[in-house]
Amino acid sequence: MWLREELLKSIWHAFTALDVDQRGKVSKSQLKVLSHNLCTVMKIPHDPVALEEHFKDNDEGPLSNQGYMPYLNRFILDKVCGDFDIMEFNRMCWTLCYKKNIHTKHLLISENDAFKVWCIFNFLSEDRYPLVIVMEEIEYFLRKLTEAMGTVWSKESFAEYKQRQNSKNFLSAWELIELVGMGYFSKGLNRQILAMGINEVFNELILDVLKEGYMMKKGHVRKNWTERWFVLRPTSLSYYVCEDLEEKKGDIILDQSCCVESLPDKEGKKCLFIIKCADKSFEISASDKKKKQEWIQAIQTCIQQLRLGLLSPHREARLRRRELRQRQQVEEDDLAERMRQLQAANESKQRELEAMRMKMEEAAAKAALEEQRRKQTQLDLQDRYRLDLEREKMVRQQMEEQVAQKSSELEQYLQRVRELEDMYHRLEEALEDERQAKQDEEAMRKLQASLLEEEAAKRAELERIQRQQQRALSQTEAEKQELMADHLAKERDLQAAVQQLERLQRERQGAVKQYEAVTRKLERAASKTKTWKDKVAKHEGLVRLIQPGHKEPQRITNWGPASFTDTELDLKKKLWQERKNQGAQTHFLSESNLRGTTGVLFCTANQAPQRLSWGSCPVPYSLLAIPEAPLPSRRGRQLLEV
């Protein structure tokens, strides 16, 4: 529920804007329109005849603010339920008053930023009319603004500004907007930074945004983790799709029964904590441990404020500042009153002393006159003098007693004056103690300023780390592009290898044809030669005579049973593999080196021998180079091993 004083401030601006003649009064027709708009925005049933009935006895014309206030309290503000949009309410009042008072064209801020400054003015202004904001609150707002813009607060600039104001210790709403819009305390900053600073202070003071940021939230139905933009206010924790606050996903209502606890890492999520409410619980994951601790502390502070029945932190701080100013004003008034009383008492004592001095001078003059008369009559009345001598002595004694009494009274008055002087010195010491307290307060403010500077330095360090991360990301992107280029180069090489493989397949087919021709030629030569054994024996390990041996499955060549066993074939494969590993180069068959050679295809004993192409043989095979010499017979050709 918004405070009635805050609503009245916005309505006062709208009422003042309708007062065109500056007489403090507004016509009933305009007040009807204003009342209708207020009821519409505040979602209150509007009674169009209530204003006429309320003011039926007042037919003198326009109404003043004091006359409109009872109707406003009775028929509008007493019916407010608190479920209306306060920003829409403020925007309506702002629309009625801002065009009459300011022009944003010559300012550095937009109309929306001026509206936010106007709302901040209503929040910080005093609860008396006409509305003004005192210099202490102006300094508080400007400090907040400079901190939000990331700049350093200049006390010298503000002191210079106060000196230019002379004895004026307050500003109106439009003077504050002009002060911010002219950029006196934001020199060297662009409009965007100033707008961001105003928006941050507006969210903190007006919208009661205590903390905001991205976190991961676990769903209640599908149990999945989704990133949300969280906004913490004194009574709720709202979460949105993103930070533009356009699509709201839900609220976590905080009350006295809520609590927040830290959770251990689980399900691959770190920095977990849980908010336990009366009806359900919410599991949330922060980005790091520092953010987790900050969120837990902020939520615990809100719950503690609710348990103590306190307002939002900024409203409590505003009340404390006002109470402090009131106490200081009362103390200053009391001190001034006591000084006036002491000064009046001192003046009265001075007047009394002056009167006593006059009386003493008169008494002395009278005594001198009597003495002169006595001397004049002494010669003539010597005898009479003797008679009157005793009487004169008695008179003198009485006079001396009176003088002594007057002297004692004078001493008492002087003692009182000294006491008053001591009291004055003590007052001066009290003032000196107050000045010392103010100096201590200035020292504390300087310490706070230094802490703020350290925080700004840490923020700059975080920004530097962020720039380093961005540079690392750009470097990773460059490496990715290089890998893509290498991949494209490898694809081009693969295409070239495929083309080369096709060319080798065509050469292989030609080699097969040549192999068949050479085979026929060898068959013709085999019938003509008789010395094949001596010629073939020159090639080491190629031919072996048939010898008795163990019975094993016999290899079958395309000429018949082979003259070697499986063990010997495995041994030859191992020798061939060793030669290949030692760096022996593999030569493809061509037309020149296939001339005069032949190939033998081996099969197992239970398979029929068949002739296959070079690229589709299902079993291991070798190619044996045979000199162009005739083989003795078909049986001899079967003894060749490849």
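Which strands does helix α11 lie across? Helix α11 (residues 289-308) lies across β5, β6 (225-233), β7 (236-240), β9 and β10 (272-276). The helix runs at about 160° to β9. Axes here are lines fitted to C-alpha atoms, for helices over the stretch in contact, and angles run from 0 to 180 degrees between N-to-C directions. Contact means heavy atoms within 4.5 Å. Helices (H or I, at least four residues) and strands (E, at least two) are DSSP runs, numbered from the N terminus.

Colleagues, a word on the basis of this presentation. This is a predicted model, in which local features need pLDDT of at least 70 and side-chain atom pairs count only at pLDDT 80 or more, while totals for chains, interfaces and linings use all residues. Residues are numbered from 1 along each chain as its sequence is written, and side-chain values use heavy atoms, with hydrogens and water left out.

I turn to the sheet. Seven strands make up an open, antiparallel sheet, in the order β8-β7-β6-β5-β11-β10-β9. At its edges stand β8 (248-253) and β9 (259-263); each has a single partner strand, so one side of each is left without a neighbour in the sheet. From one strand to the next, the twist averages 35°. Two strands pair if DSSP finds at least two bridges between them. Strand β5 (residues 211-218) pairs with strand β11 (residues 281-285) in the antiparallel sense, over two bridges. Lys217 stands opposite Ile284 in β11.

Let us return to helix α11, which contains Gln300. This residue is partly exposed because its relative accessibility is 36%; buried means under 20% relative accessible area, exposed over 50%, and partly exposed in between, using a 1.4 Å probe and protein chains only. The C-alpha atoms of Gln300 and Ile275 are separated by 9.9 Å, and the two residues are 25 apart along the chain.

Next, Asp208. This residue lies in the loop between α10 (191-205) and β5, and it is buried, with a relative accessible area of 10%. Leaving aside residues up to four places away in sequence, Asp208 touches Asn203, Leu232, Arg233, Pro234, Ser312 and Arg315.

Finally, the cysteines. How many disulfides does a search of the whole structure find? The search finds zero, where a disulfide is a pair of cysteine sulfur atoms within 2.5 Å. For Cys97, the closest cysteine sulfur is that of Cys93, and at 7.4 Å it is too far for a bond. Cys97 is buried, with a relative accessible area of 0%. Cys271 also counts as buried, at 10% relative accessibility.
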